[in-house]
Amino acid sequence: MRLAPVILVAALAVAILPATAGTASHVERTCRPGVLHPVGTRSEAFSAMVKGATDTFRRPGGVRLARFGKLNQNGYPTTFGIVGAVVNRACGASWYRVKLPIRPNGVTAYIRPADVRVEKVTTRIEVDLSARRLTFYRAGRVVLTTPVAVGSSSTPTPVGRFYVDQRILTTNPNGPFGPAALGVSAFSNVLTGWTQGGPIGIHGTNQPWSIGRAVSNGCIRAPNATLKRLFAATHGGSPVVIHP
């Protein structure tokens, strides 16, 4: 099935941490030069969209880990979730620490601030696998709660802290993925041979009976009508926390 990428620029004030000077709201006010500072809160996160071919590094100025293009393999702008910043004397970022949408789950790396465009994100998704429930937050407040289908015992949904790395419209809204999908920076821990490495997504379904059950290949299925609302409201880079 072909998927059509959708680019959504956050309708929020863009908060950029300068590479050379200035103070930014998403790094704690008391900063120590050369030290990694955490970025983001439960109600506010930051994403980095690459401007062009971008190198990622295991540590600042260290060995290159991977190179990413401006667009991913689905034609969506490559997006990282920012989790920290190494700052300079003026409290500007000299490096960002980011989550990467690659295997193994949870890989982080460092990127140069000049290589990316930073956006503030106030939306967040939490998935409770035991309850088979998804909760969507905006600015820390619950906006939407829905039952979902989750991975089966043989193909479980991975647990951890991820982020939305792409927004995709399907070419067949009545197909197995429903009208749209939110790509998550997570991969199945068992389906390693699948196309694109077995990525995990939050999408609709043509099997409404499956909602509330543990029957998927690891993806999270929501009712199509609810998925449309979730898709429209969720920004790229939004944190996705999956609980056991």
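## A tour from pocket to core

The lining of the second largest pocket divides into 10 nonpolar, five polar and five charged residues (Ala, Val, Leu, Ile, Met, Phe, Trp, Tyr, Cys and Pro count as nonpolar, Asp, Glu, Lys and Arg as charged, the others, Gly among them, as polar). This is a predicted model, where local features need pLDDT of at least 70 and side-chain atom pairs pLDDT 80 or more, while totals for chains, interfaces and linings use all residues. Residues are numbered from 1 along each chain as its sequence is written, and side-chain values use heavy atoms, without hydrogens and water.

Stay with this pocket and select Thr41, Val83, Lys99, Arg161 and Pro239, the lining residues closest to its centre. Now colour strand 19, which gives the largest share of the lining, four residues.

Next, select glutamine 166 in strand 14 (residues 160-170). With 10% relative accessibility, glutamine 166 counts as buried (under 20% relative accessible area, 1.4 Å probe, protein chains only). Show the side chain of asparagine 72 too: a polar contact of 3.1 Å joins it to the side chain of glutamine 166 (a pair of N or O atoms within 3.5 Å, one able to donate a hydrogen and the other to accept it; residues adjacent in sequence count only if both atoms are side-chain atoms).

Finish at isoleucine 202. Leaving out residues up to four places away in sequence, isoleucine 202 touches Ile125, Leu134, Leu227, Leu230 and Val240, among others (contact means heavy atoms within 4.5 Å).

How values were computed:
Helix = DSSP H or I, 4+ residues; strand = E, 2+ residues; numbered from the N terminus. Buried < 20%, exposed > 50% of the residue type's maximum accessible area, 1.4 Å probe, protein only. 1 Å grid on protein atoms, 1.4 Å probe; cavity = no way out; pocket = protein on both sides within 12 Å on 5 of 7 lines; lining within 4 Å.
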